[in-house]
Amino acid sequence: MSPERTPVEYTSVRELRGPLIVVEGVGGVGWDEFATITLASGERRHGVVLEVRDDLAVVEVLEGTGGMDPAGLRMAFDGRPLTVPVGEGWLGRTCDGRGAPRDGGPPVFGRTSAPVEGMAVNPVRRQPPGEPVLTGIAAVDVLTTLVRGQKLPIFSAAGLPHLELAVQIAAQATTTGERFSVVFAGMGLTHADAFFVQEALAERAAAGELCLLLNTADDPVIERILTPRLALTVAEHLAFDGGRHVLVIMTDMTSYAEALREVSAARGEVPARRAYPGYLYSDLASLYERCGRIVGRPGSVTVLPVLTMPAGDITHPVPDLTGYITEGQIVLARQIHAEGVYPPVDALSSLSRLMRKGAGLGRTRGDHLDVAAQLTAALARARQAGELAELAGESALSPADRRYLAMYPRYLHDFLHQERDRTLALDESLERAWRVLLTLPPGELGMLPTALLDARNSDGSPGAVA
Amino acid sequence: MTPAQARAVDPADPLAPVRTALLRAAEEEAHQLVAAARRDAEAVVAAARSRSTAVLREARRQGEQEGGRATADAMARTRHAVRAGVLRAQAEAYDELRRTVLAQVRLCRREPGYPAAREQLSDQARLLLGPEAVVIEHPRGGVIGTAGGRTVDLSLDALALRVFDGAGAGIESLWRT
């Protein structure tokens, strides 16, 4: 709010209900407008306009209505949606879902402000994604390489370690040699999860490389809708004004979509699939499409949304619509998790559509794409062999199929599995992949160029690969 | 017993050759057993040495790893504590500045120009709310105007805080040199 502007405050409160305040006698107020509520004690709270009809406005209070006396309450409308200061002041800070400090520090300052609503990158000014973001996770870096400017979701289910994986990626990810930052937006987290995230990312935050926005499950749903927008607004300015490569991790987008459904119901909108609003697709796109690279501007915004599929249903509206917008997916599997393997990435259901723009000679390593393709093909064959063995018995398998079957546990334990605090360098991850592949007869490694195979010693030690 | 030995047998002690042969065989067997036992002992000692070396190496590696981890944890905790301390200090400086601004602005009431400023604020309140607005002086300076469910806060506190909140990054100069 500009200092010159003296806001007219409204004092006729018709009703307080849950987190909602109904104010009457208002004029010129619009949806999503930000409001400041002053209590008789002088305490200030904030809200967002959910609904306006005639001279009535329904405002959802971000801090809740507990302890409010309608008689002494004043409400001022900003005349615009929430704006936040932007800049490097966010780095190293831990805030709630609307940007208020949770770390005991002062408010976050910035030289300029920007509306959190933001807007998607203009398609004609987009620079195609390129160059990798290395996560230090073998399964991601080797098989579904994350590319700067990409949107790559993690599809998970309740009980799987998606939060641990998201936090590990937030703690380890880098763009070697270039300025890199992480914005982590947690939505609908339990207090235990919020504590875990804060503890696990404290070091990176203290190093001034990370901004943490934590919206907990007991926070108002309207704040949950603001959280990813705030995260993206902060990231855009760090990237395109500050020249950084920024990774935005948003978890859990299903929780976000449920908040959207709740607000939509409160607004009396006609529900669509599973009561989500009909505009869920365009709403998700308005978030995901804010990532990318811009022609003539430094930096990039890469988005890694995490979403839990209710009952593991990949056709649920949230993963379904997300899948239409994003450029691939990383799928976590319950069966692999049951084997005690972390991270339980199902490589055959996972895909990074932009991997070829971020991996290979001059980007990661000359043999990367060939190794990834061969390993994926070998996994597909191992799965077929496993299914055949279930039907006809292992003795009915060909010798080659038996080799594939024997390779699979090696893949799980020697390639996929890694400690939750261990960063694997890309070379190390690729060597793990090679070791698994070299358990197969050379005749089965047809996707690897002969020169690459010849460059390897029989024990799998690296040869001369570019 | 060969025929020659049989022939050389002393009739007084016909079992002597048997005894001699048994003794020799027993001695040979004892030598073999001792040699085997010695070999076994050497192997056991060598294996124990090798195992102890491996255990020692593993213990050293684990110790280094745990030491490294403990050092890293301690450093991370220290960095975190330092960062928390810095943020706390910044928040205190921010709050102190806010208190000072409010205290100073309230002193304006003693200025000779205050009555004129209060009138200007009253006019502004009526401009915003209409001529029917009721305007009263705020106990800490400035005015409050109200009219039919609407109010404008033109108290000195509110005016000062609006300017303070709009100061943005300028406030960071408190802790940035």
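Predicted model: local features only at pLDDT ≥ 70, side-chain atom pairs only at ≥ 80, totals over all residues.

Colleague: Why is A:Leu16 called partly exposed?

Modeller: A:Leu16 has 16 other C-beta atoms within 10 Å, and since a residue is buried at 20 or more and exposed at 12 or fewer, a count in between is called partly exposed. The residue sits in strand E2 (residues 13–17) of chain A, and, leaving aside its neighbours within four places in sequence, A:Leu16 is in contact with A:Ile21, A:Thr65, A:Met68 and A:Pro70.

Colleague: What makes strand E19 (residues 300–308) of chain A largely enclosed by the rest of the structure?

Modeller: Nine of the nine residues of E19(A) are buried, so the strand is largely enclosed by the rest of the structure. Burial holds for both of its faces: A:Ser300, A:Thr302, A:Leu304, A:Val306 and A:Thr308 point one way, A:Val301, A:Val303, A:Pro305 and A:Leu307 point the other way, and all are buried.

Colleague: How do you know that E19(A) pairs with strand E14 (residues 154–156) and strand E17 (residues 245–251) of chain A?

Modeller: Pairing requires at least two bridges between the strands; E14(A) is joined to E19(A) by three, running parallel, and E17(A) by seven, also running parallel, so both meet the requirement. As for individual partners, A:Ser156 is bridged to A:Thr308, and A:Met250 to A:Pro305.

Colleague: Why is helix H2 (16–106) of chain B called oblique to helix H4 (156–166) of chain B?

Modeller: The axes of H2(B) and H4(B) come within 9 Å and cross at roughly 140°. H2(B) passes H4(B) in a right-handed crossing, where residues including B:Val101 and B:Leu102 of H2(B) meet residues including B:Ala160 and B:Phe164 of H4(B). By class, that contact has six nonpolar, no polar and three charged residues.

Colleague: How do you know that a strand of chain A pairs with a strand of chain B?

Modeller: Strand E1 (residues 8–10) of chain A and strand E3 (150–155) of chain B share three bridges in the antiparallel sense, and at least two are needed, so they count as paired. Over the whole interface, 26 residues of chain B are in contact with 24 residues of chain A, and the largest share of the chain B side, ten residues, comes from H2(B).

Definitions and conventions
Residues numbered from 1 in each chain as written. Chains lettered and ligands numbered in written order. Contact = placed C-beta atoms within 7 Å. Helix = DSSP H or I, 4+ residues; strand = E, 2+ residues; numbered from the N terminus. Axes fitted to C-alpha atoms, helices over the stretch in contact; angles between N-to-C directions. Left-handed = near helix turned anticlockwise from the far one by under 90°. Nonpolar A, V, L, I, M, F, W, Y, C, P; charged D, E, K, R; others polar.
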